[in-house]
Amino acid sequence: IQLMPLLSNEPRIKELTNLSLVGVHQTMSLADNRTASLWQTFMPRLKELASRVGADLYSLQQYPVDYFNSFDPTRSFEKWAAVAVSSVDPIPAGMDTLMLKGTYAVFDFQGTPAEFGNAIQYILSVWLPQSDYQLDERPHFELLGEKYKRNDPLSEEEIWIPIRKRVIG
C-alpha cells in the first residue's frame, strides 16, 4: 500500500481530556456522502458560537460498534461538522454538543479527499494491526487547521483515530 499521502507512517499518540465540540451532524454513508452539504449548512452559522476556541474545524465520524468488521459503503454512520468551544452554554438551535476524550493515534495527511481513503485504509489495515493498539469505540475525526485547503493536493490535516492498548490473549 502506498504510504503517501500520509506525511509519516508513525503517528503521534495523544491523550484528549474533555474536548468540547459544538456543531451539526447528519446520518450518511460513504455511498451517499453528504459531507459537502453538511459543511455548507454549518459554516454560515459559525458566528453564532460565541465560545468558539481557535480557528480549527473538526470533521468527525461516529461509527456503529461493528462498522469496521466488514467494509460496506452503504452502511450508515453519523458525520459531524464542528468546532471546539470553551463552554457548551448556550448551544444554538439545531446544533448539538459532543465531548471527546481518550487516547488517539494522530496521523498527518496531505492530499485531496480522493486520496483520503487510501490513508485510512493504510492506518486501519497496516499500521493498526502492527501496532500495540486496537481500535476504540469512540469518534474518529479530522482536525482541519490553518494548512487545510479544500480540494488542494497540498492541503494538510490531522487524522485522529481512537485507540486503546491491545489486549493480548
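Hello everyone, and thanks for coming. Before going on, a word on where this comes from: the model is predicted, so local features need pLDDT of at least 70 and side-chain atom pairs count only at pLDDT 80 or more, while totals for chains, interfaces and linings use all residues. Residues are numbered from 1 along each chain as its sequence is written, and side-chain values use heavy atoms, with hydrogens and water left out.

When I say strand, I mean a DSSP run of E with at least two residues, and a helix is a run of H or I with at least four, both numbered from the N terminus. Two strands pair if DSSP finds at least two bridges between them.

So, back to strand 3. Strand 1 and strand 3 pair in the antiparallel sense over 8 bridges. Strand 2 is also an antiparallel partner of strand 3, over 5 bridges, and there Gln-62 stands opposite Glu-78.

How many residues of strand 3 are buried? The count is 8 of its 8, where buried means under 20% relative accessible area, exposed means over 50%, and partly exposed is in between, using a 1.4 Å probe and protein chains only. In a regular strand the side chains alternate between the two faces of the sheet. Here, Phe-77, Lys-79, Ala-81 and Val-83 point one way, Glu-78, Trp-80, Ala-82 and Ala-84 point the other way, and all are buried.

Now please find helix 1, residues 35-42. Its buried residues are Thr-35, Leu-38, Trp-39 and Phe-42. Seen down the axis of helix 1, these fall within an arc of 95 degrees, so they line one face of the helix; the arc is that of the directions from the helix axis to the C-beta atoms. An α-helix has 3.6 residues a turn, so residues three or four places apart point the same way. What covers the buried residues of helix 1? The cover includes strand 1, strand 2, strand 3 and strand 6, with contact meaning heavy atoms within 4.5 Å.

At 4% relative accessibility, Gln-61 counts as buried. Which side chains does Gln-61 meet in polar contacts? One is Lys-79, at 2.9 Å, and another is Glu-142, at 3.2 Å. A polar contact here is a pair of N or O atoms within 3.5 Å; within protein, one must be able to donate a hydrogen and the other to accept it, and residues adjacent in sequence count only if both atoms are side-chain atoms. Leaving aside residues up to four places away in sequence, Gln-61 also touches others, including Phe-77, Pro-139 and Phe-141.

For contrast, look at Val-65, in the loop between strand 2 and strand 3. Val-65 is exposed, with a relative accessible area of 65%.

On to strand 4. Strand 1 and strand 4 pair in the antiparallel sense over 10 bridges, with Leu-16 opposite Gly-102. Strand 4 also runs antiparallel to strand 7, joined by 7 bridges, and Gln-110 has Glu-156 as its bridge partner there.

Next, the aromatic rings. Rings of Phe, Tyr and Trp (its six-membered ring) pair if their centres lie within 6.5 Å; planes under 30 degrees apart count as stacked, over 60 as edge-to-face and the rest as tilted. By this rule the count comes to 13 aromatic pairs. Phe-107 and Trp-127 have ring centres 5.3 Å apart and planes at 85 degrees, so this pair is edge-to-face. Phe-107 lies in strand 4 and Trp-127 in helix 2, so the pair ties together parts that are 20 residues apart in sequence. Phe-107 is buried at 0% relative accessible area, and Trp-127 is buried at 5%.

The rings of Phe-141 and Trp-160 have centres 5.0 Å apart and planes at 20 degrees, so they are stacked. Both are buried. Ring pairs link Tyr-58, Tyr-104, Phe-141 and Trp-160 into a cluster.

Last, some backbone details. Most residues other than glycine have a negative phi, and most peptide bonds are trans. In strand 1 sits Asn-18, with a positive phi near 50 degrees. Asn-151 also has a positive phi, of about 60 degrees. Finally, a cis peptide bond joins Asp-89 and Pro-90, with omega about -15 degrees, and Pro-90 lies in the loop between strand 3 and strand 4.
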